[in-house]
Amino acid sequence: MKKIRVLLVDDSAVIRKVLGDLIASDPELEVAGTAANGKLALEQLALLHPDVVTLDIEMPEMDGLQTVQEIRRQGFQVPVIMCSSLTADGASHTLDALSFGANDYVTKPSSHGVNTREVVGEELVRKIKGLAAAPTQPLRGPPPVATTTQCSQSGTKARTTILESGVRQDKDFGVVAIGVSTGGPNALQELVPRFPANLQVPILLVQHMPPLFTKLLAERLSAQSSVPVVEAVEGEEVKPGRVYIAPGGFHMEVKRIFGRTLIALHEGPPEHSCRPAVDVLFRSIAKVYGPDALAVVLTGMGQDGVGGCQRIKEGGGRIVVQERQGCAVWGMPGAVVDAGLASEVLSLEEIASVISSGSVAKEGLSPFSERRV
């Protein structure tokens, strides 16, 4: 069996040893080489042609942000996983690296808390295997966002046209639940700014990210958007026209209490090795909103969201997934399609149109029969 070859780039010999041991402990992986800075990494990349690169952010001579930009500028399409510290600066630099072309990230091991060597090792190995196995698209940052058409609906529900079995059906939705993972920050930077200021429904969103990262992501998206984007808070009432992001380290659910829909956060067991998990949110959305739910599954690795989509469909809700060519990794959307749960496979622009103006059929798009799953 051909092993997956990994190039480790970090200025710390200790970290190189720790990550190298974690990789070597898996029989399907091997360390192809190491480098102490970005300049040396580029030389090794050209010589070794690894399957995956792990890249530190803070390094002498050429740091990780400069390196990932140069990797993409030189045309290398090798998947790049950033190794970040679990700090505010680390989160900020990681989001920058993702916009420059990195595919994913892990946080470095710490001697305390939940970010242990074993936890990091499991996550790193899983992401190396996933990125090496799946066709990926190197990310170069989201394209400029076009001006969106303002939503013309009144009341608290938008409308979308869904096609199933060749029949067009009008379908109300009162909430949007979004699940996203690998490639998510870039996808969200393209999608969320397209929402109009008079958005008529609440949006609840799970992005697989650790603490600090989700707060910073919410702040960045809010600064770029016409709608407020916030990290969700326990007990907060769900209101139309707002985007709620599950905080890293907590599952997010919704509950109906005395006629009010509230956010509930908890530290239950991880699902699909993730907390927050998409399935947890989607199951609660199905229970509370039933046929008024619209679920959206975007780019991501793995199968998180499939079980929740099953519940939403059983409850009469609808499911839309991002099309393959726009995804960094089509694992999560593809799993929903393979399970026969998706009603539509759409581009990010089309998904924004569904959410914002309730229109799947737009001028210049292919006929509905060509958009069916």
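**View 1. Helix H6 against helix H7.** In this predicted model, Pro-185, Leu-188 and Gln-189 of H6 meet Leu-217, Leu-221 and Gln-224 of H7, a contact being heavy atoms within 4.5 Å. By class, this contact of H6 with H7 has four nonpolar, two polar and no charged residues. The axes of H6 and H7 (residues 213–224) come within 10 Å and cross at roughly 25 degrees, and therefore H6 counts as roughly parallel to H7, a class that takes angles under 35 degrees. Helices are DSSP runs of H or I with at least four residues, and strands are runs of E with at least two.

View 2. Leu-188 lies in H6 (residues 184–191) and counts as buried because its relative accessibility is 0%, where buried means under 20% relative accessible area with a 1.4 Å probe and protein chains only. Leaving aside residues up to four places away in sequence, Leu-188 touches several residues, including Val-180, Pro-193, Leu-205 and Leu-298. Leu-348, although 160 residues from Leu-188 in sequence, is 8.9 Å from Leu-188 in space, C-alpha to C-alpha.

**View 3. Strand E3 between its partners.** E3 (residues 52–56) has both faces covered, with Val-52, Thr-54 and Asp-56 buried on one side and Val-53 and Leu-55 on the other. E3 pairs in the parallel sense with E1 (residues 4–9) over four bridges, and likewise in the parallel sense with E4 (residues 80–84) over four bridges; pairing requires at least two DSSP bridges. Val-6 has Val-52 in E3 as its bridge partner, while the partner of Asp-56 in E4 is Cys-83.

**Notes.** Residues are numbered from 1 along each chain as its sequence is written. Local features need pLDDT of at least 70 and side-chain atom pairs count only at pLDDT 80 or more, whereas totals for chains, interfaces and linings use all residues, and side-chain values use heavy atoms, without hydrogens and water.

Definitions and conventions:
Buried < 20%, exposed > 50% of the residue type's maximum accessible area, 1.4 Å probe, protein only. Axes fitted to C-alpha atoms, helices over the stretch in contact; angles between N-to-C directions. Parallel < 35°, antiparallel > 145°, perpendicular 65-115°, else oblique. Nonpolar A, V, L, I, M, F, W, Y, C, P; charged D, E, K, R; others polar.
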